[in-house]
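Biologist: I am new to this kind of model, and I would like to learn how to read its features one at a time. Could we go through them together?

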Amino acid sequence: MSKNKEKSTGGHKALTTIGIILCVILIPILVINMTLIIKSYTNTEEVPKIGGYAPLIVLTGSMEPEIMSGDLIIVKQIDGQDVKEKDVIAFFDPDGNGTSIVTHRVIEVYEKEGTLYFKTQGDANDSADRLPVSEEDIVGIYLTRIGGAGNVAMFMQTTAGLIVCVVVPLVLLIAWDIFRRKRYEKANKQDTDALLAELEELKAAKAQEQKNSDSE
């Protein structure tokens with residue numbers, strides 16, 4: 001019985017560990033992606049942020065090899081006065097449509113008519129960006145990246161992505177929990193049955209001993 005119990009306990013721990021790993025992997029991706037989607041609809045004029053931090057998806061290779069296309073980067077909101085040369089910043093592209101965001105390195109900082117401006121360039125580009133970036137256009141300073149997570153986030157915004165990355169994992173987690181509970185209950189029933197069988201054997205042995213003693 002003890003071996004069965006140890007096996008059951010080991011299996012229960014393994015299933016619990018798998019469930020925890022799935023949650024650790026899936027929950028941050030789900031939270032980030034849902035935040036991006038919800039805030040992009042509720043406030044179309046600002047970049048979605050969580051406590052001053054914004055996740056951004058990199059679509060080009062202009063900052064390779066430090067930042068790759070398809071990465072998910074995290075930038076922190078920062079005052080223009082705190083930006084220095086060689087910092088990597090995300091900003092609304094002054095040469096774009098007003099909503100596109102670029103992440104490039106600062107190669108020069110200067111002031112004009114009381115406003116700070118930043119000359120920027122992608123690490124993989126041969127020349128600097130055509131227009132300078134005003135301090136009002138800065139989204140944040142680059143902190144770190146999660147390799148390839150941007151592709152995952154974009155895929156999750158599609159119908160197929162929602163099914164594969166949200167619906168299927170939730171179904172699997174629910175199925176896993178049901179399976180874990182049934183397996184745990186089955187293991188407990190087996191232990192109980194084994195204990196009852198042992199008790200019955202002890203009773204039978206004692207009855208036999210009593211019968212033998214009476215016959216003497």
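The dialogue below takes up salt bridges, an aromatic pair, a helix and a surface patch in turn.

Modeller: Before we start, please keep in mind that this is a predicted model, and that residues are numbered from 1 along the chain as its sequence is written.

Biologist: Let us begin with charges, then: how many salt bridges does a search of the whole structure find?

Modeller: The general idea is that side chains of opposite charge can pair when their charged atoms come close. In this structure the search finds five salt bridges. One of them joins the side chains of Arg 105 and Glu 66, with 2.6 Å from N to O, and this pair links distant parts of the chain, since Arg 105 is in strand 4 (residues 101-112) while Glu 66 is in the loop between strand 1 (53-57) and strand 2 (72-76), 39 residues apart. Glu 66 itself is partly exposed, at 33% relative accessibility.

Biologist: With which residue does Asp 123 form a salt bridge, and which parts does that pair tie together?

Modeller: Asp 123 pairs with Arg 105, and their closest N and O atoms are 2.8 Å apart. Because Asp 123 lies in the loop between strand 5 (115-121) and strand 6 (133-134), and Arg 105 in strand 4, the pair ties together parts that are 18 residues apart in sequence.

Biologist: How should I read an aromatic pair, and which residues form one here?

Modeller: One looks at the distance between the ring centres and at the angle between the ring planes. The count here comes to one aromatic pair. Tyr 110 and Tyr 117 form it, with 5.9 Å centre to centre and 20° between the planes, and the pair counts as stacked because planes under 30 degrees apart are classed that way. Tyr 110 is partly exposed, with a relative accessible area of 30%, and Tyr 117 is also partly exposed, at 23%.

Biologist: Turning to helix 2, which of its residues are buried?

Modeller: In helix 2 (residues 149-156), Ala 149, Gly 150, Ala 153 and Met 156 are buried. These residues cover an arc of only 125° around the axis, and therefore they sit on the same side of helix 2. Met 154, in helix 2 as well, is partly exposed, with a relative accessible area of 33%.

Biologist: What is Met 154 in contact with, leaving aside its neighbours within four places in sequence?

Modeller: With those neighbours set aside, Met 154 is in contact with Ile 57 and Leu 59. The C-alpha atoms of Met 154 and Ile 57 are separated by 8.0 Å, although the two residues are 97 residues apart along the chain.

Biologist: Finally, which residues make the nonpolar surface patch?

Modeller: The patch, of about 580 Å², is made by Phe 155, Ile 163, Val 164, Val 167, Val 168, Val 171 and Leu 172. Helix 3 (residues 159-215) gives the largest share, six residues. Ile 163, which lies in helix 3, is partly exposed at 44% relative accessibility.

Note on methods:
Predicted model: local features only at pLDDT ≥ 70, side-chain atom pairs only at ≥ 80, totals over all residues. Heavy atoms only, no water. Phe/Tyr/Trp six-rings, centres within 6.5 Å; stacked < 30°, edge-to-face > 60°. Buried < 20%, exposed > 50% of the residue type's maximum accessible area, 1.4 Å probe, protein only. Helix = DSSP H or I, 4+ residues; strand = E, 2+ residues; numbered from the N terminus. Arc of directions from axis to C-beta. Contact = heavy atoms within 4.5 Å. Patch = residues over 30% accessible without salt bridge, like charges linked within 9 Å, V, L, I, M, F, W, Y side chains within 5 Å. Areas by Shrake-Rupley, 256 points an atom, 1.4 Å probe, with all protein chains shown as cover. Salt bridge = Lys/Arg side-chain N within 4 Å of Asp/Glu carboxyl O.
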